[in-house]
Amino acid sequence: MDLQDTKDMVYRCNKCGLCISTCPVYQQILMEAASPRGKVQVIKNYLEGNLELSKRFKEIILTCLLCENCVVNCPSGVRHDHVFTDLRGELVRKYGLDWKKRLIYKLLTNEKFLHSSSIFAKLGRNWLLETFAKGMRIGNIPLERLPKVNPKPFRDQFNGVILPEGEAKGRVFYFTGCFTNYFAGDVGQATVNVLKKLQLEIEIPSRQDCCGLAIILSGEEDLPIKNVEKNISMLTRKEIDAVLVDCATCGAAFKKEYIALLKRKGMDTKEAEILKGKTYDILEYVAERIHLLPLKDRDGKRIRVTYHDPCHLVRGQGVSEAPRKILKALPQVEFVEMRDANMCCGGGGSFQFDFPEVSKGITEDKIKNILETGASVVVTGCPGCRVTISGNMNEQISVFHPIQLVDMALA
Amino acid sequence: MLSQTVKEELKAIVGRDRYLDSKEDLITYSYDAFMVQAQPEIVLFPIRTEEVSKIMNVASRDRIPVTPRGAGTNLTGGSVPIRGGMVLGFTKMNKILNIDKENRVAVLQPGVINMEFQKELSKHGLYYPPDPGSMAVTTMGGNVAENAGGPRAVKYGVTKDYLLGLEVVLASGQILRTGGKTIKNVTGYNLTQLFCGSEGTLGLITEMSLKLLPLPETRRTLQAAYKNLSDAGKTVIKVFEMGILPVALEILDKIFINIIEDYTHVGLPREAEALLLIEVDGPEVAVVSQAEQLTKLCEDIGAHEIKVAKTAAENDEIWRARRSAYGAEARLRPTAIAEDCTVPITKLVTMFQEVEKIAKKYNLLIPVVAHAGDGNLHPQILTDIRNKEEMKRVEKAIDEISIKAVELGGTASGEHGIGIAKREILPFEIGEVAIEITKNIKKAFDPLNILNPDKVVRIV
């Protein structure tokens with residue numbers, strides 16, 4: 001790895017410090033090494049040969065949610081996310097991944113094995129743990145609040161080409177992602193219902209591979225490459241016009257992180273660019289067509305709903321208006337904006353397990369802002385955010401994917 | 001070098017969670033937004049005045065240099081520990097202790113962020129006007145120590161105009177309380193103001209009392225483009241002659257207009273020589289009438305394109321261009337050095353022209369943005385710190401800009417401070433008598449020269 005882009009990038013940092021104000025991690029720790037500027041300066045010193053990849057160095061680099069607030073607020077255009085992911089790669093090359101992560105990532109890169117292990121996981125998660133491990137926590141989340149495994153993987157029930165009633169007006173490819181397939185069958189069901197009402201044929205091959213973004217962002221660059229290649233070759237087929245994802249993370253992978261990874265590895269990005277061009281978050285796609293959906297009439301009853309912007313959607317893909325447009329159009333919804341809706345929920349993938357204390361403070365702020373709205377439902381299009389928010393919330397507030405509300409509103 | 005024993009002693013004062021000494025962490029306390037860097041030996045994060053006092057007891061006993069630091073956004077190197085020793089980070093001492101609505105006074109710890117403070121005040125219908133460019137990040141302790149300004153200074157003044165009282169830990173570790181909660185106070189020397197703008201060289205601010213204003217009802221922004229810079233300068237003077245006191249009066253020069261437009265595509269008039277932004281605030285009726293008068297004034301003097309905001313969103317839209325200035329320039333070159341010369345407003349246009357001449361002479365790109373209403377120009381010298389040859393020309397240009405400002409009856413620094421950056425120009429501007437008195441004041445407060453040593457003036 002020559003890290004050339006990163007070398008150029010670190011000199012762009014003018015050390016103005018404006019990134020500090022929007023960094024949720026810094027706001028918890030209040031020490032410069034937690035800030036994007038601090039990390040960039042530490043990295044610059046490593047690249048200049050003044051620092052080693054020490055334990056403290058590793059800790060500094062990993063104390064980051066990759067939420068990209070710094071990226072969008074940097075006057076100098078520093079791509080902190082790329083710089084930090086590059087350095088995570090350096091760290092993985094030196095330290096390797098810890099065994100738990102390696103195990104999970106291995107699983108995510110082997111769809112067959114993932115599929116069969118989900119049966120055991122169901123047994124483990126849904127019965128064993130609830131029976132014997134009550135009160136245990138993973139990070140800050142009590143085990144009993146982790147999502148339940150689907151009785152049957154979603155794609156075992158929905159696959160092939162699903163046809164709408166009446167004449168089809170087009171065909172879309174639904175990339176379900178691992179979470180919908182193994183945990184959130186209800187989100188998958190809602191997505192299918194809505195797309196059918198839009199008179200679309202929905203192609204769902206039963207065999208789909210994990211997008212691999214969790215692995216990519218850990219800095220591990222070789223393990224996910226097969227998934228990346230498989231997904232690109234499956235999804236760039238000419239007859240597919242639109243690839244829909246219901247997961248902000250999968251969308252961010254297809255729209256930008258595949259390209260970034262291939263660039264880092266010095267590989268061709270042409271096909272990845274094609275995939276970027278036809279990937280849509282389900283909310284983006286539905287917002288454009290919301291007027292075509294047959295919705296229930298507005299009657300008196302409305303539930304108050306607030307929306308949380310996932311990092312991978314609002315900054316990763318620049319999607320923020322679409323979900324709001326949808327929520328405002330739904331007859332039974334009273335949409336209320338929460339404060340700092342676009343601030344990270346504190347989950348950050350494995351961040352919440354690696355740095356539970358920091359994560360907790362950020363999540364508490366998010367939950368406070370949710371409660372302030374008086375909403376009884378909070379929606380967000382990212383499974384990670386849903387797990388973090390529902391896992392840390394004691395109040396009786398339901399957490400859904402926005403598409404589930406659309407489904408409920410269908411006439 | 002600090003001995004391990006002394007490090008342990010200092011660590012024990014704040015506890016291990018608020019103590020740093022790893023190589024990596026020390027690098028992150030070696031800089032602010034200025035170019036010069038130097039590492040401390042340890043960093044401490046006190047949260048109580050007594051801790052600061054105990055730290056200073058040790059520091060004065062062992063003559064350890066102490067550099068106070070807020071968010072580290074200083075543009076003149078004020079928070080860089082150039083003599084090593086320790087950095088005191090005040091970011092964790094960050095409580096708003098009291099907002100006294102009736103007396104219109106707030107009491108704060110030094111680590112409170114300017115913007116957070118403003119947000120909290122607006123809930124009570126109160127207002128603290130100083131708005132330095134880094135207000136989203138900067139700490140109030142740093143604002144007081146640097147006497148921070150901002151665009152609103154035209155109407156509302158700067159930090160010192162709101163400072164009523166302080167709690168300060170002196171070099172000896174003694175705790176000094178000055179001023180109080182009243183606007184009027186002439187009891188004794190004005191020690192409070194002495195610390196304002198002292199850049200951490202006289203004492204460590206651990207608490208401050210600030211005067212508050214009622215939040216203005218509304219505000220309105222107007223943007224006028226001129227084909228002639230001197231017409232924009234003329235407008236600035238005429239605004240005051242009309243009896244209008246605007247909140248802010250900003251000028252962007254033609255280089256800035258174009259680089260901002262390249263970056264933002266907000267539709268700025270590329271052909272213009274100068275873009276003038278005027279903002280007024282107050283009751284709705286007054287603001288509407290003032291905006292009309294100002295529009296006519298700009299037209300009469302020769303503005304060829306005028307935009308008046310009608311809503312809060314339109315205000316923000318106009319300010320977006322101004323706020324994008326820094327981002328636009330930072331993308332052109334890796335290093336941007338923000339100069340800070342300030343002249344009487346009748347010399348504003350001359351100073352713009354002088355900067356242009358200097359830029360040409362040294363073959364540099366120097367866009368200029370100015371808080372025109374108070375004569376404060378920020379020529380932005382765009383360069384690359386790694387280019388040694390160019391940096392020599394940059395240094396010469398900086399000196400010439402500063403000297404020219406002083407010659408025009410102004411000052412080398414309006415709001416960024418002296419720190420390391422402007423130390424050499426100080427004697428030229430304030431003269432030997434003032435330098436001697438400054439040094440004597442420094443010695444009176446800090447006889448061992450341990451508080452932010454070598455900043456502002458060098459004591460030998």
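Q: Domain bounds come from an automatic or database domain assignment. Into which domains is chain B divided?
A: Chain B has domain 1 (4-89), domain 2 (96-214), domain 3 (218-321) and domain 4 (333-424). This is a predicted model, where local features need pLDDT of at least 70 and side-chain atom pairs count only at pLDDT 80 or more, while totals for chains, interfaces and linings use all residues. Residues are numbered from 1 along each chain as its sequence is written, with chains lettered from A and ligands numbered from 1 in the order in which they are written.

Q: What separates the centres of domain 2 and domain 4 of chain B?
A: 28 Å, taken over C-alpha atoms.

Q: And how many residues does the contact take from each?
A: Eight from domain 2 of chain B and eight from domain 4 of chain B. Contact here has C-beta atoms, placed from the backbone, within 7 Å.

Q: What classes are on the domain 2 side?
A: Where domain 2 of chain B touches domain 4, there are five nonpolar residues, one polar and two charged. Ala, Val, Leu, Ile, Met, Phe, Trp, Tyr, Cys and Pro count as nonpolar, Asp, Glu, Lys and Arg as charged, and the others, Gly among them, as polar.

Q: OK, chains now. How many residues of chain B are in contact with chain A?
A: 27, against 25 residues of chain A. The chain B side has 13 nonpolar, eight polar and six charged residues.

Q: Which elements of chain B give two or more residues there?
A: α2 (23-27), α12 (325-330) and β16 (335-338) of chain B. Helices (H or I, at least four residues) and strands (E, at least two) are DSSP runs, numbered from the N terminus.

Q: Which gives the largest share?
A: α2(B), with four residues.

Q: Switching to sheets. What is the strand order of the four-stranded one in chain B?
A: β1-β2-β4-β3. The sheet is open and its pairing is mixed. Strands pair if DSSP finds at least two bridges between them.

Q: Which strands are at the edges?
A: β1 (19-20) and β3 (66-69) of chain B, each pairing on one side only.

Q: In what sense do β3(B) and β4(B) pair, parallel or antiparallel?
A: Parallel, over four bridges, with β4 spanning residues 86-89 of chain B. Pro68(B) stands opposite Leu88(B) in β4(B).

Q: Last one, chain A. Which residues of α3(A) meet α6(A)?
A: Pro36(A), Lys39(A), Val40(A) and Ile43(A). From α6(A) come His80(A), Val83(A), Phe84(A) and Leu87(A). The residues of this contact of α3(A) with α6(A) divide into six nonpolar, one polar and one charged.

Terms used:
Two residues are in contact if their C-beta atoms, placed from the backbone, lie within 7 Å.
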